[in-house]
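Please open the structure in your viewer and keep the selection panel at hand.

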Amino acid sequence: MMFSREGFRRGARDGVPLAISIFAYGLGFGLVAAQAGFGVGKAVATSAAIYSGSAQLAAVNLLQTGQATLWALFATILVINARYLLFGATLQPWLWQAGPIRAYGSLLLLGDANWLMTMRAIRTGEEDRAYLAGTGAPIALGWLSGTALGAAAVSVLPRPEALGFDLMLPCFAAGMVTAMVHKRADLLPVVVGGGAALAVFHLAGPAPAIIAAGLGAGAVAALVHREEA
């Protein structure tokens, strides 16, 4: 088992290009949060505590409706971030060999982008468990600094839509789907999730639509995986 500075530096080097795009995404969230009444401190604290752009945007959208309850916010964030349970499970056989303190500490920096990057590195023979934390460090810095700048500069920057930031999350999600779909059966959860989102969106709005998509796609993915097992 290896957990070295060299592995961390190698991961950080690979994570820098992603950190640049995540910075722009954080900038967009900072703008949205400030327009919803968040100050810089509250926006950055939200990014640090939830650490999920999709869940944060859904939560802010729910708050802007004026009908958000604590349970609705909790359910929204829980369902959207439930994927990290699966991410952690896929990393467990490899990462746990570093010991619980290093493993849990590394998972604090886990995100969609560096999970995909780390899984690809593992398949090519990466043995240094510090690689995950290394990839996550510049990404976390980009996310938090982007959030802070966006929230602070809301009065001088245009709306996120004018900068195209509203398209970043769909484009990133599409990129992840492309990387993870290897056969036709893998497309079934995508189709079910998209259909559920469209149906619920017209009935209840965007935040419930995200929850419905996550539950529907997750259930179908579990059934497909069980049949294959």
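Colour the protein by pLDDT, the predictor's confidence in each residue, from 0 to 100. The mean pLDDT of the protein is 84, and 87% of the residues score at least 70. This is a predicted model, in which local features need pLDDT of at least 70 and side-chain atom pairs count only at pLDDT 80 or more, while totals for chains, interfaces and linings use all residues. Residues are numbered from 1 along each chain as its sequence is written, and side-chain values use heavy atoms, with hydrogens and water left out.

Helices are DSSP runs of H or I with at least four residues, numbered from the N terminus.

Now select helix H5 (residues 83–95) and helix H7 (residues 112–123). Their axes (lines fitted to C-alpha atoms over the stretch in contact) come within 11 Å and cross at roughly 25 degrees. H5 and H7 are therefore roughly parallel to each other, a term for angles under 35 degrees. Show the side chains in contact (heavy atoms within 4.5 Å): H5 contributes Arg83, Tyr84, Phe87, Thr90, Leu91 and Trp94, and H7 contributes Asp112, Trp115, Thr118, Met119 and Ile122.

Finally, select Arg9 and Glu6, both in helix H1 (residues 5–35) and 3 residues apart, about one turn of the helix. Arg9 forms a salt bridge with Glu6 (a side-chain nitrogen of Lys or Arg within 4 Å of a carboxyl oxygen of Asp or Glu); the closest N and O atoms are 3.1 Å apart. The whole structure contains 5 salt bridges.

How values were computed:
Axes fitted to C-alpha atoms, helices over the stretch in contact; angles between N-to-C directions. Helix = DSSP H or I, 4+ residues; strand = E, 2+ residues; numbered from the N terminus. Parallel < 35°, antiparallel > 145°, perpendicular 65-115°, else oblique.
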